[in-house]
Amino acid sequence: MPSANLPNGISLQYDVHGNRNHPHILVILGITDNITDWPAGLYQPLVDAGFCVIRYELRDMGLSTHFDDYGTPDLAAAKASMEKGILPDAPYTVHAMAEDAELLLDFLRIQSTCVVGYSYGSMVAQLLTLRAPDKVAGLVCLQGSNYNPALPARTPEVEKVMIAATVEYQTEEEKIGAIFNLRKATNGSIHYLDDDEALESAQTSVARTYYPAGTARIVLSRFATPLFFENTAEIHCPTLILHADEDPIFNIEHGRDLARRIPNAELVILEGAGHNHPKSLQPLITDNLIRFGRTLFANG
């Protein structure tokens, strides 16, 4: 898998699916995710529809640059600090993630793209759109948030399994178990991963990499990033909000708030879905991305 060595000293692992002469879709993933967590069921239909899909691993995730020298942060203390209005120290913020994305586009000589941000990646995508509007033809926030603190918090059950994914385990079985539990805890009632699908997904992800210290530092980066939700009113590119109505991490109100604040954003509710991507949900996601992308680039 190729690496993009960026001028800010960061190396990002990425891959390309489709014809580089076709319109580009840049996928920005979430916390705990490596490149395998945007599987073929989510990129191949886009390629078949005439798009070129770029997947990459955020700094401190997958096999991109790690910040091992910083160590594993005390997230409880960092969160308490943030909630008091004091931003904790961190090796980087989400603004640095957005800079990485912009530099990756430059590295790949992509002048304009549709950016799809999933979960935490939607925060990166929003900040990328604000910092480099000329490079973002369209924005998609998939099961994401603007992190408005007035919005509903995640459920205690999912918080517990998310914390468990920041723990270093001794055995492969324990690592797979942590990701399996996270997959299951984020199910919806209609679109859900059964045990077999959740296990396959967890095994594939862990086979690529399981890096809980990086996960913890990425969580810290969110705590250390100043609130920006009011700034999203300055996003003027076409925007699609795809949000699940049973998301235990980002309640549906997160999607509605994104749509209210970003001018002329379209909100599509994924009914009966949670915060994961079971095979039953993937066609609904890709159909919406294809529809949005075709309109976007037809008008571009």
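The dialogue below takes up the sheet, the helices lying across it, and a loop residue.

Guide: This is a predicted model, in which local features need pLDDT of at least 70, side-chain atom pairs count only at pLDDT 80 or more, and totals for chains, interfaces and linings use all residues. Residues are numbered from 1 along each chain as its sequence is written, and side-chain values use heavy atoms, with hydrogens and water left out.

Visitor: In what order do the eight strands stand in the open sheet?

Guide: Strands of a sheet pair through backbone hydrogen bonds, either parallel or antiparallel. Helices (H or I, at least four residues) and strands (E, at least two) are DSSP runs numbered from the N terminus, and two strands pair if DSSP finds at least two bridges between them. Here the order is S1-S2-S4-S3-S5-S6-S7-S8, with mixed pairing. Strand S1 (3-5) and strand S8 (266-270) each have a single partner strand, so one side of each lacks a neighbour in the sheet.

Visitor: How many bridges join strand S2 and strand S4?

Guide: S2 (residues 11-17) and S4 (residues 52-56) pair in the antiparallel sense over four bridges. Tyr-14 has Tyr-56 in S4 as its bridge partner.

Visitor: Which strands does helix H1 lie across?

Guide: Contact means heavy atoms within 4.5 Å. Angles run from 0 to 180 degrees between N-to-C directions, with axes fitted to C-alpha atoms, for helices over the stretch in contact. Helix H1 (residues 40-48) lies across S2, S3 (24-28) and S4, at about 155° to S4.

Visitor: Is Asn-276 buried or exposed?

Guide: Buried means under 20% relative accessible area, exposed over 50%, and partly exposed in between (1.4 Å probe, protein chains only). Asn-276 is buried, at 5%, and lies in the loop between S8 and helix H10 (282-299).
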